[in-house]
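Below is a report on one predicted model, written for reading beside the coordinates.

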Amino acid sequence: MASDPPRRAVVFDLDGTIADTVLDLASALNRTLAELDLPQHSAAAVGGMVGGGLGKLLERGLAAHGASLEQEARDEALARLVALYAANPVILSRLYPGAGSALRALRQAGTPCGLCTNKPDPIARDLVRALGVAEIFDCILGGDAGFPKKPDPAGIRHVVPKLGAEPATTIMVGDSSTDVRTARAAGLAGIVLVSYGYTTTAAHELGADLVLDNLKDLPEALLTLGFTPMPRQLTLK
């Protein structure tokens, strides 16, 4: 008996792509730094430190003050950062304009969606649940779920078959060079970046197949790329 053909799917990054999380990240980081008697960083500065998980965020936050920690102290500080962030991940975080409508449009069209983030898995799930979009995702994978963090492709290679898809039938949507490298290493059909994320390099310079200023344009953009049969009559609000 012939198996079903692979489905066309979309896998999203979280921070800087569908959700603006920098204020809650900055709050947790600054509270951690304060306990180490170090000054706070502005939210704008923290935005340039996001990417690679909370461990990288801590390292960058320390390095910006010319500070570093021995391994044991670093582990303790990271545990404190994770605990502080996990306790309040969605106080000030919000979906970006157009993200909710794009996700719902894809869901309505029957396009399976996944989420692959370097954020700890429980926090990622709490975040998308609080933002009201958890049910959109057929598979959610955080950075501590047993796979190497992006840009290693192992995590996204785990997510894709969970969506009933194959790499050649999957598009990734992200905001950084990490997402571009992940998609290319995984052999995905393409990578779409948003222009407003946390990357310190302009999205147009990162080698994506397409860059969008607003995710509300994603369903139609996928249509023009010949990727997914989104109904053109669908109205996005």
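## Cavity and pocket

The largest cavity holds about 50 Å³ of space. A cavity here is a set of points on a 1 Å grid over the protein atoms alone where a 1.4 Å probe fits but cannot get out, while a pocket is an open set with protein on both sides within 12 Å along at least five of seven lines; lining residues have an atom within 4 Å of a point. Grid points are joined across faces, edges and corners, and a volume is the space filled by probe spheres set on the points. With a threshold of 30 Å³ or more, a search of the whole structure returns one cavity.

The model is predicted: local features need pLDDT of at least 70, side-chain atom pairs count only at pLDDT 80 or more, and totals for chains, interfaces and linings use all residues. Residues are numbered from 1 along each chain as its sequence is written, and side-chain values use heavy atoms, with hydrogens and water left out.

Residues lining the largest cavity include Cys116, Thr117, Asn118, Leu141, Phe147 and Lys150. The largest pocket has a volume of about 520 Å³. It is lined by 28 residues, of which Val50, Gly51, Gly52, Ser176 and Thr178 are the closest to its centre. Helix H3 (54–63) and H8 each contribute at least two residues to this pocket's lining. The table gives both linings by class, where Ala, Val, Leu, Ile, Met, Phe, Trp, Tyr, Cys and Pro count as nonpolar, Asp, Glu, Lys and Arg as charged, and the others, Gly among them, as polar.

| Lining | Nonpolar | Polar | Charged |
|---|---|---|---|
| Largest cavity | four residues | five residues | two residues |

## Sheet and helices

Helices (H or I, at least four residues) and strands (E, at least two) are DSSP runs, numbered from the N terminus. Two strands pair if DSSP finds at least two bridges between them. Six strands form an open sheet with parallel pairing, in the order E5-E4-E1-E6-E7-E8. Its edge strands, each pairing on one side only, are E5 (137–141) and E8 (210–212). On average, neighbouring strands of the sheet are turned by 25 degrees against each other, direction ignored; axes are lines fitted to C-alpha atoms, for helices over the stretch in contact, and angles run from 0 to 180 degrees between N-to-C directions.

Four bridges link E4 (residues 113–116) to E5 in the parallel sense, and Gly114 stands opposite Cys139 in E5. Helix H7 (residues 154–162) packs on the sheet, touching E1 (7–12), E4, E5 and E6 (165–174), and its direction makes about 120 degrees with that of E6. Helix H8 (residues 177–186) also packs on the sheet, touching E6 and E7 (190–194), with its direction at about 170 degrees to that of E7. Contact means heavy atoms within 4.5 Å.

E1 pairs in parallel with E6 over five bridges, with Ala9 opposite Thr170 in E6. Three bridges join E1 to E4, also parallel, and Phe12 stands opposite Leu115 in E4.

## Backbone and confidence

Lys150 and Pro151 are joined by a cis peptide bond with omega of about 20 degrees. Pro151 is in the loop between E5 and H7. Asp37 is not a glycine, yet has a positive phi of about 60 degrees; Asp37 is in the loop between helix H1 (22–35) and helix H2 (43–47).

The protein's mean pLDDT (the predictor's confidence in each residue, from 0 to 100) is 92, and 93% of its residues reach 70 or more. Over residues 229–237 the pLDDT is below 50, and this stretch has 16 contacts in the model beyond near neighbours in sequence. Where pLDDT is low, the predicted coordinates should not be read in detail.
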